[in-house]
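Visitor: I've got a model open and I'd like to learn how to read its features. Can we walk through them together?

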Amino acid sequence: MWTQRIKTGLVTTTAAASLLLLAGCGPSPSPAGTSSAPPTTSTPSASATPSSPSATATTTPSSSATATSADSTLCKAASLTAATDSTGGGAAGSIYEKLILTNSGSTSCILEGFAGVSLTPDASGEPIGEPATRETTTPVTKIELAPGKSAWAEIRYTQAGNYGDCTKVPAAGFRIYPPNDTASLFVAEPHDACSNAGIKLLTITAFQAV
């Protein structure tokens with residue numbers, strides 16, 4: 001019986017030793033809250049690196065230089081002569097005639113758009129009444145006028161007598177401002193003007209090549 005107890009204790013001791021040996025061979029538990037993955041380091045992105053100014057940057061040309069160059073090719077009053085041709089006739093109390101501008105300078109120039117036209121008491125007088133209204137049915141075109149060449153626009157003058165409320169004032173002719181110009185020309189051609197505002201006796205089309 002004593003021998004049997006020794007054997008039983010030996011078996012128990014041997015089993016316990018085996019369990020301890022197996023536990024020692026297994027992986028050890030990680031500390032709570034600690035990641036087993038190795039720490040990583042972040043490499044700064046290439047896009048986060050401040051970019052240097054582009055070597056291909058260019059400066060914008062001065063607008064004043066461009067404007068001066070373009071403006072020098074426009075036809076100006078100083079190099080133009082003005083005349084009218086009233087052979088176009090008239091209808092329903094209106095007179096239709098051509099306003100003709102001729103390049104009297106020594107170089108070509110560009111004429112484009114509408115003239116400013118008003119009736120005046122003389123060559124240096126102030127405009128009487130309303131200036132000409134633009135008639136836009138004729139398209140605007142860019143016309144290159146060589147020296148001695150001309151372009152024309154159509155003026156329609158409506159008789160002042162057609163308006164019962166017109167305060168008539170005699171006008172000696174037309175004050176003509178070429179397109180894009182503040183200087184003027186004068187064409188002597190007597191008409192009655194209306195000095196009160198709101199009555200539009202004149203219309204003008206865009207210039208056309210002859």
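Guide: Cys 166 and Cys 194 are joined by a disulfide, with S to S at 1.9 Å. A disulfide is a covalent bond between the sulfur atoms of two cysteines. Here one is called when a pair of cysteine sulfur atoms lies within 2.5 Å. Keep in mind that this is a predicted model, where local features need pLDDT of at least 70, side-chain atom pairs count only at pLDDT 80 or more, and totals for chains, interfaces and linings use all residues. Residues are numbered from 1 along each chain as its sequence is written, and side-chain values use heavy atoms, with hydrogens and water left out.

Visitor: Which hand does the disulfide of Cys 166 and Cys 194 have, and why?

Guide: Look at the torsion about the S-S bond: for Cys 166 and Cys 194 it is about -110°, so this disulfide is left-handed. Cys 166 sits in the loop between strand 8 (150-158) and strand 9, while Cys 194 is in strand 10, so the pair ties together parts that are 28 residues apart in sequence. Helices (H or I, at least four residues) and strands (E, at least two) are DSSP runs, numbered from the N terminus.

Visitor: Are Cys 166 and Cys 194 buried or exposed?

Guide: The labels come from relative accessible area: buried is under 20%, exposed is over 50%, and partly exposed is in between (1.4 Å probe, protein chains only). Both Cys 166 and Cys 194 are buried.

Visitor: How many disulfides does the count come to?

Guide: Two. Cys 75 is also joined to Cys 109, S to S 2.0 Å, and that link is right-handed, with 90° about the S-S bond. Cys 75 lies in the loop between helix 2 (63-71) and strand 1 (80-85), and Cys 109 in strand 4, 34 residues apart. Cys 75 and Cys 109 are buried too. Counting bonded cysteines along the chain, the pattern is 1-2, 3-4.

Visitor: What does Cys 109 stand opposite in strand 7?

Guide: Leu 145. Two strands pair if DSSP finds at least two bridges between them; strand 4 (residues 109-112) and strand 7 have four, in the antiparallel sense. Strand 7 (residues 142-145) has a covered face with Ile 143 and Leu 145, and an uncovered one with Lys 142 and Glu 144.

Visitor: In which order do the strands of the open sheet run?

Guide: Three strands form it in the order 5-9-10, with antiparallel pairing. Strand 5 (116-120) and strand 10 (185-194) are the edges, each pairing on one side only. Five bridges join strand 5 to strand 9 (residues 168-177), and Val 117 stands opposite Ile 176 in strand 9.

Visitor: Where is Gly 113 found?

Guide: In the loop between strand 4 and strand 5. Gly 113 is buried because its relative accessible area is 9%. For contacts, the cut-off is heavy atoms within 4.5 Å. Leaving out residues up to four places away in sequence, Gly 113 touches Val 140, Thr 141, Pro 179, Ala 206 and Phe 207.

Visitor: Why does Ser 94 count as buried?

Guide: Ser 94 counts as buried because its relative accessibility is 10%. A polar contact is a pair of N or O atoms within 3.5 Å; within protein, one must be able to donate a hydrogen and the other to accept it, and residues adjacent in sequence count only if both atoms are side-chain atoms. The side chain of Ser 94, in strand 3 (residues 94-103), makes such a contact with the side chain of Thr 158, at 3.4 Å.
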